[in-house]
Amino acid sequence: MEDRKLRIAAVGDELLAGLGDPRALGWLGRVLARTPQDGMLLESYALPCPQEGTEGLAARWLDEAGRRFSDQAENRLVIGLSGRDIEFGLSTARSRLNLANILDSASQNRIEVFVVGPPPTLDPTQNRRLDELNTAFADVTTRRKHLYVDTFSPLLNHEQWRQDLAANGGTPGQAGYGLMAWLVLHRGWFQWLGVDAPQLALTGRLDRRKPARLG
């Protein structure tokens with residue numbers, strides 16, 4: 001039987017690139033490292049752009065991701081969202097529309113999408129606005145039958161996450177990216193790819209008593 005051919009293009013901001021990670025993996029690299037490839041030819045292309053919000057994503061994703069896709073492969077899109085829209089002064093309604101346009105275009109091109117929401121910061125004011133944005137992103141994504149991973153709610157008061165941000169000037173380090181990867185792996189990644197979840201990737205728990213470790 002011929003192996004499945006799968007191509008993943010991933011777009012997002014500097015967190016997708018693993019900025020601040022001493023291992024240079026970020027959450028995406030950790031997730032891919034724990035993705036079994038038996039019977040599957042998996043190609044992944046990360047396309048990060050620093051300090052990018054949804055308007056930038058909407059403007060570039062199809063052109064850049066489309067160059068990595070192939071008619072001979074299953075084409076998938078991963079979106080790593082940020083809270084940059086808040087800094088740019090975009091309304092929640094505009095952010096919703098930008099994401100909706102991306103997802104609608106992906107559906108028209110028969111591209112399945114996996115969306116990873118923005119993680120929390122150490123700023124309570126910023127987090128209140130991020131909470132609203134995260135809820136909006138989740139609603140837009142699930143209404144369109146794509147998968148959404150909420151990283152904001154589980155990490156908001158997570159001790160290890162907050163310690164990692166504080167130690168790295170507000171950017172995740174090895175522990176923080178490990179926590180984000182844990183959430184992605186446990187919130188539908190394997191089902192989205194149509195592969196069996198390996199036991200190794202499903203060990204541990206993400207709570208304040210026993211933080212997950214995917215270093």
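The legends below describe several close-up views of one predicted model.

The model is predicted, with local features needing pLDDT of at least 70 and side-chain atom pairs counting only at pLDDT 80 or more, while totals for chains, interfaces and linings use all residues. Residues are numbered from 1 along each chain as its sequence is written, and side-chain values use heavy atoms, with hydrogens and water left out.

**View 1. The largest nonpolar core of the model holds 30 residues.** A nonpolar core is a set of buried Ala, Val, Leu, Ile, Met, Phe, Trp, Tyr and Cys residues joined through side-chain atoms within 4.5 Å, where buried means under 20% relative accessible area, exposed over 50% and partly exposed in between (1.4 Å probe, protein chains only). The members that touch the most others are Ile8, Trp27, Val78, Phe114, Val184 and Trp189. At least two core residues come from each of strand S1 (4-12), helix H1 (26-33), strand S2 (40-48), strand S4 (112-116), helix H7 (159-167), helix H8 (174-186) and helix H9 (189-193); these helices (H or I, at least four residues) and strands (E, at least two) are DSSP runs, numbered from the N terminus. H8 gives the largest share of this core, eight residues. A second, separate core has 25 residues, among them Leu47, Leu99, Ala100 and Leu130. In soluble globular proteins, nonpolar side chains tend to be buried together.

**View 2. The surroundings of Trp189 are shown through its contacts.** When its neighbours within four places in sequence are left aside, Trp189 is in contact (heavy atoms within 4.5 Å) with Ile8, Val31, Leu32, Thr35, Val78, Phe114 and Val184.

**View 3. A salt bridge joins Glu74 and Arg4.** A salt bridge is a side-chain nitrogen of Lys or Arg within 4 Å of a carboxyl oxygen of Asp or Glu, and a search of the whole structure finds 13 of them. Between the side chains of Glu74 and Arg4 the N to O distance is 2.8 Å. This pair links distant parts of the chain, with Glu74 in strand S3 (residues 74-80) and Arg4 in strand S1, 70 residues apart. Glu74 is partly exposed at 28% relative accessibility, and Arg4 is partly exposed as well, with a relative accessible area of 25%. Arg4 and Glu74 are also linked with Arg76 and Glu112 in a network of salt bridges.

**View 4. Two further salt bridges involve Asp104 with Arg144 and Arg143 with Asp139.** The closest N and O atoms of Asp104 and Arg144 are 2.8 Å apart. Asp104 lies in helix H4 (residues 92-108) and Arg144 in the loop between helix H5 (124-143) and strand S5 (147-149), so this pair ties together parts that are 40 residues apart in sequence. Asp104 is partly exposed at 30% relative accessibility, as is Arg144 at 28%. In the other pair, Arg143 and Asp139 meet at 2.9 Å, N to O, and because they are four residues apart in helix H5, about one helical turn separates them. Arg143 is exposed at 60% relative accessibility, whereas Asp139 is partly exposed, with a relative accessible area of 24%.

View 5. Gln160, Trp161, Asp164 and Leu165 are buried in H7. Just after H7, Gly169 takes a positive phi of about 65 degrees.
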